[in-house]
Amino acid sequence: MSRYLFREGVNINNDGNNIIISTPYATRSSPKQQTLCVKDAKEPLKKLLQNLFLDGIESNQTLKTPEKLASTTTSLDLELQLQALYKAGLLIHEIEGSHGIAMRLLPINPGLKQQPCPDINNEFKLSRFTSIEPCLEGLDITSPLAPTTLRLQDHRLYPLIQRLVSPCKLASISPLLPEDLRTQYRDIISLFLSSGMVGICNSEHNAEIDQEAIRAGWNKQDLSFHNHTRRHIIDRCQEELLHRNINRPPPPARNQRIILSTVPLPQPKIKKQDADFYQIIRKRQTIRSYNSNPITLEALGNLLWYSVHTREEIICDPALPRSYEGLLKPVASAGGLHSIELYLCIKQCIGIGSGLYHYDSFDHCLGKMSELNNPCQNMLEMAVNTTCRGPQSASISPGQGQQPDVLIVMATRYERNAILHSETGLTYALILKDAGSIYQQLYLVATALGLAPCGLSFGSSELFEQASGIPSKIECSVGEFMIGNPSQGHSSLMTK
Ligand SMILES: Cc1cc2nc3c(=O)[nH]c(=O)nc-3n(C[C@H](O)[C@H](O)[C@H](O)COP(=O)(O)O)c2cc1C
């Protein structure tokens, strides 16, 4: 038996002759739940809505039940209304066998399209972007390309998933189904297709629904991350679930860590004429080769001060229960959270010994955490090996670059962002955006100071964990940046 019923979060209210259906959906810009209004609703429609709300209606009886109540025109009208509710992502579609509910299509967004069972000659297969997660009722299959979750509740259907990994035809599906569900094989395949987890194959034996994303080179992880953090419509029921998971006070802006000794940094000194903003922007470039003079503690201090020192400690959202400690720095950060800390692998710098240091942005000093241990050496080596991949550096091949005087590692205190964004799910996306903001700030300030800046793409969270001794779930590295004095060939802003 195949049945439709309203999903969680749908409510119906009467407003005179009109019916207001409130949906579980809202937008990121307006958290108010969206509503649909059915004007001048007649009795058969009211009855249909009530049934969808209570026990649901059998899909093959959709038209039969109301027909008893009204004319063919009304019945057609009801079918259209039902389709509209389905498209709007308000209806669960489920199939039942003798073991109870076998599978359910659970909408998580509007925009569903009902797909008929394909022709016997058509091949179809599982989308390559699907993920499978166990849940209390069975297995949830999701795809960043689909506005649904497909829940397999009857474990006897699990082998189907394995079969659907390769292209199959209708004839190969029916023998895999348990006897009580075999008669419904067309409905089952139609449900798989409607869920967006399975698609008809094209000539390249890919599910046609995947083709655009495959051509554009998307991988599953990126597509899921993108979909999760950039979607416009949100499901309030899902958000409430996420919100319930974290209920702790926000972590403070200042964090304690084990420091062996502290090295104060000189107060910043910049001559006004060195700092024409538009000239700095024009001159900014990546420089990957260094001269033999190490950078000085004064230059390093200037770089850190003008990039990330704490100007002011503030209370953000003071009027809300979620109020939290924020910071103001020269660089911007989403929500003023500034969860990214800077660690410095100093190989050589005049005025300070080599080692791993943490930059204390409040007191403008460096806290020594360890000597330049093996993991630090490995991080410096990794920086060299991933340098010179710049498009304009064709003359230098990878691996022939120089170690920088200082490798700056950006590490995030994930929890600081997580508590604020437990509801929106944007935590990691915003951390990466903050990292981007720091990259550009370091580039511009380093250019202004006549230093050689180079952002890096490759970094190792494991090496940072080994070097710092900080568990990566507490603080994890999300970016690296190299600094040195530019080689002779590179005109710096100061010497021009
Ligand atoms: C986030 C980021 C990552 C980068 N990764 C690397 C890298 O791994 N290796 C490298 O040699 N350059 C790297 N760069 C530097 C770019 O290759 C460089 O910005 C680009 O080639 C343009 O050159 P320009 O900075 O001189 O304008 C990176 C830059 C950024 C912003």
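Biologist: Which helices and strands each supply at least two residues of the lining of the largest pocket?

Modeller: In this predicted model, they are β8 (100–107), β10 (131–135), β11 (138–142), β12 (148–152), α9 (220–230), β14 (233–235) and α10 (236–245), and the largest share, six residues, comes from α10.

Biologist: What makes a residue part of that lining, and which ones lie nearest the centre of the pocket?

Modeller: A lining residue must have an atom within 4 Å of a pocket point; 39 residues line the largest pocket, and I108, T142, T149, R231 and Q238 are those nearest its centre. The pocket holds about 1,200 Å³ of space, and its lining draws at least three residues from each of domain 1 (2–243) and domain 2 (246–484).

Biologist: How many residues of each class are in the lining?

Modeller: There are 16 nonpolar, twelve polar and eleven charged residues, with Gly counted among the polar ones.

Biologist: How do you know that β11 and β12 are paired strands?

Modeller: Pairing requires at least two bridges between two strands, and β11 and β12 are joined in the antiparallel sense over four bridges, so they count as a pair. T142 stands opposite T149 in β12.

Biologist: Why are β6 (57–58) and β10 called edge strands?

Modeller: The open sheet has seven strands in the order β6-β1-β7-β8-β12-β11-β10, with antiparallel pairing; β6 and β10 each pair on one side only, and are its edge strands.

Biologist: Which helix lies across β1 (2–6), β7 (91–97), β8 and β12?

Modeller: That helix is α7 (residues 185–195), which runs at about 25° to β8.

Methods
Residues are numbered from 1 along each chain as its sequence is written. This is a predicted model: local features need pLDDT of at least 70, side-chain atom pairs count only at pLDDT 80 or more; totals for chains, interfaces and linings use all residues. Side-chain values use heavy atoms; hydrogens and water are left out. On a 1 Å grid over the protein atoms alone, a cavity is a set of points where a 1.4 Å probe fits but cannot get out, and a pocket is an open set with protein on both sides within 12 Å along at least five of seven lines; lining residues have an atom within 4 Å of a point. Grid points are joined across faces, edges and corners, and a volume is the space filled by probe spheres set on the points. Domain bounds come from an automatic or database domain assignment. Contact means heavy atoms within 4.5 Å. Axes are lines fitted to C-alpha atoms, for helices over the stretch in contact, and angles run from 0 to 180 degrees between N-to-C directions.
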